[in-house]
Amino acid sequence: MYSHILTSIIGSHPNVQDAIKYYESDDSIVAVVADGLGSSKMSAHGARLICRLMVEELSKKKPPLSPSDILSPKKWQEYIESNNCNLDEFCTTCSFAIIDKLSKNVCIGQIGDSPIFLKLDNDPVIEMRQEKEFSNITDSLGGKTIKYFITHNYKFKDSVSVLVTSDGIGDELNSSSLDSLFLYLSSKYQQFTPKSRSRRFTKEMKATIAKVNHDDKSAIFIWSI
Amino acid sequence: MASLNDFIIQKARQLPVIVAVDRSGSMSKNGKIEALNLALKNFVNSLKEEKSDKIEIQLALYSFGGRDEVSCENELSPLSCIECKEYTASGRTPLGRTINAIKQLIEDRTKIPSRAYAPTVVIITDGESTDETAQALASFKNEGRSSKAYRIAMAIGDDADIDFLKSFVSEPEYLVMGESASDIKQFFKFVTMSVSQRTHSLTPDSVKLSVQNVPTDDDDEIIL
């Protein structure tokens with residue numbers, strides 16, 4: 001059994017540029033977060049497009065996955081170019097997690113600086129952060145060459161939790177307290193009804209992290225029970 | 001009772017500002033070093049007035065002069081910790097060593113973490129470089145994190161190393177030409193404005209600076 005919470009909060013910009021998508025079936029879970037670059041005019045569209053393509057693709061695939069197994073970045077680029085649009089205007093990061101419930105395999109992947117945090121069984125939380133130069137300077141989809149995800153594959157025995165975020169949240173998380181954060185989130189939100197969890201999570205986000213920087217803030221947290 | 005606040009970094013994102021000033025012998029002429037000392041103090045005081053709960057301006061102050069010496073008078077620190085030294089002018093103009101020292105700071109992720117905004121680097125000089133600059137400049141502009149910095153400079157008078165400074169700045173308009181001590185004051189107003197713009201911008205790393213918009217203040221101009 002798995003539970004999840006998700007949120008996407010607008011930052012100080014007039015339009016939200018993050019996009020998130022969550023998919024769950026009997027066999028698998030897919031979580032995708034994309035962060036459109038503030039400097040790109042159409043980045044919100046780029047972020048939504050890659051989220052849709054990723055869920056369409058990953059819902060039919062099973063981890064482990066290598067970068068060349070994931071065709072969505074190529075489709076993303078082809079789709080934008082086929083509409084005679086300029087790729088630079090659609091720049092977005094993208095991070096994902098896919099959990100195969102049956103085989104207990106997990107794959108996490110990243111293009112750009114949207115951080116992912118993963119806890120397998122009782123091991124400490126693993127961080128997947130891009131070693132970027134400075135805040136808001138990141139690799140992204142939208143250049144002239146097709147980008148490939150950096151992927152990591154894992155297997156768990158009994159339990160798994162994963163947090164996929166945009167950098168507006170992920171960059172603000174203290175590395176030394178990630179295990180406590182995972183415990184806090186899963187124990188707090190498990191006690192609420194599935195329908196109300198994300199609403200409550202969004203409310204808590206707005207009351208805390210929302211004001212620490214100008215960025216949009218998105219997150220999907222999944223935990224096994 | 002726990003809340004999400006317990007798990008987040010409790011410090012605002014850092015906006016580093018690194019200033020390197022010329023204290024070589026030629027700065028002793030026409031009141032330049034006195035004007036520089038005054039302008040630098042005003043600059044630090046103006047920055048202290050910038051308030052933002054999302055960004056913390058941090059400042060590092062370097063100077064170059066003496067026997068091709070580069071010294072760091074203030075390590076990169078919050079403005080409340082900055083105390084301006086009174087410079088005296090003597091010696092040479094080691095611009096190559098200066099940008100190497102600044103690069104070393106920028107590349108150090110323990111001092112400027114990835115979470116920080118790209119630094120603003122400011123150089124002010126009135127002379128030809130007395131050490132090798134080509135390799136240092138190429139490395140600063142093209143390699144590593146320093147290549148992402150906002151690079152602003154002021155050339156004081158005809159003897160300044162214009163070619164070096166033209167090549168150093170990130171945009172041609174970020175090189176300000178000055179003739180006199182009063183221009184130093186005006187230049188620091190431009191730097192203050194640029195830092196202020198970035199501090200209050202929603203996208204501090206995409207701000208375009210313009211020297212044209214800096215107000216002049218003839219009333220308290222320094223008379224040489």
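The paragraphs below go from the fold of one chain to the interface, and then to individual residues.

This is a predicted model, in which local features need pLDDT of at least 70 and side-chain atom pairs count only at pLDDT 80 or more, while totals for chains, interfaces and linings use all residues. Residues are numbered from 1 along each chain as its sequence is written, chains are lettered from A and ligands numbered from 1 in the order in which they are written, and side-chain values use heavy atoms, with hydrogens and water left out.

Chain B has five helices and six strands, where helices (H or I, at least four residues) and strands (E, at least two) are DSSP runs numbered from the N terminus. Along the sequence these elements follow the pattern β-α-β-β-α-β-α-β-α-β-α. The radius of gyration of chain B, taken over C-alpha atoms, is 17 Å, close to the 17 Å that the globule rule (2.2 Å times the number of residues to the power 0.38) gives for 224 residues, so chain B is as compact as a globular protein of that length. Its C-alpha atoms fill a box of roughly 65 × 45 × 30 Å along the principal axes. Of the 224 residues of chain B, 54% count as buried, a term that stands for under 20% relative accessible area, with exposed meaning over 50% and partly exposed in between (1.4 Å probe, protein chains only). Among the contacts in chain B with a separation of 6 or more, where contact means heavy atoms within 4.5 Å, 75% come from residues 24 or more positions apart.

The next topic is the interface. Here 27 residues of chain B are in contact with 31 residues of chain A, and the area buried between the two chains is about 2,700 Å², of which carbon and sulfur atoms give 60%; buried area is the accessible area (1.4 Å probe) that two parts lose on being put together, summed over both. B:Leu4, B:Phe7 and B:Arg13 supply 29% of the area that chain B buries against chain A, more than any other three residues.

The rule finds five salt bridges across this interface, a salt bridge being a side-chain nitrogen of Lys or Arg within 4 Å of a carboxyl oxygen of Asp or Glu. One of the pairs that meet in this way is A:Glu133 with B:Arg109, at 3.5 Å from N to O. Another salt bridge is formed by A:Asp215 and B:Arg13, whose closest N and O atoms are 3.2 Å apart. Because A:Asp215 lies in the loop between helix 5 (194-207) and strand 10 (217-224) of chain A and B:Arg13 in strand 1 (residues 13-22) of chain B, the pair joins two chains. Both partners are buried, A:Asp215 with a relative accessible area of 7% and B:Arg13 at 0% relative accessibility.

Within chain A, the side chains of A:Asp179 and A:Lys119 meet in a salt bridge at 2.9 Å, N to O. A:Asp179 lies in helix 4 of chain A and A:Lys119 in strand 6 (residues 116-120), so the pair ties together parts that are 60 residues apart in sequence. A:Asp179 is partly exposed at 34% relative accessibility, whereas A:Lys119 counts as buried at 16%. Elsewhere in chain A, A:Asp113, A:Lys132, A:Asp167 and A:Asp171 are linked in a network of salt bridges.

Helix 4 (residues 178-190) of chain A also holds A:Phe182, which is buried at 3% relative accessibility. Leaving aside neighbours within four places in sequence, A:Phe182 is in contact with residues including A:Lys119, A:Val162 and A:Phe221. The C-alpha atoms of A:Phe182 and A:Val162, 20 residues apart along the chain, are separated by 8.5 Å.

A:Gln110, in strand 5 (residues 105-111) of chain A, is likewise buried, with a relative accessible area of 4%. A polar atom of the A:Gln110 side chain lies 2.8 Å from the backbone oxygen of A:Ser114.

In chain B, B:Lys103 forms a salt bridge with B:Glu107, the closest N and O atoms being 2.9 Å apart. Being four residues apart in helix 2 (residues 95-107) of chain B, the two are separated by about one helical turn. B:Lys103 counts as buried at 12% relative accessibility, and B:Glu107 as partly exposed at 28%.

Conventions:
A polar contact is a pair of N or O atoms within 3.5 Å; within protein, one must be able to donate a hydrogen and the other to accept it, and residues adjacent in sequence count only if both atoms are side-chain atoms.
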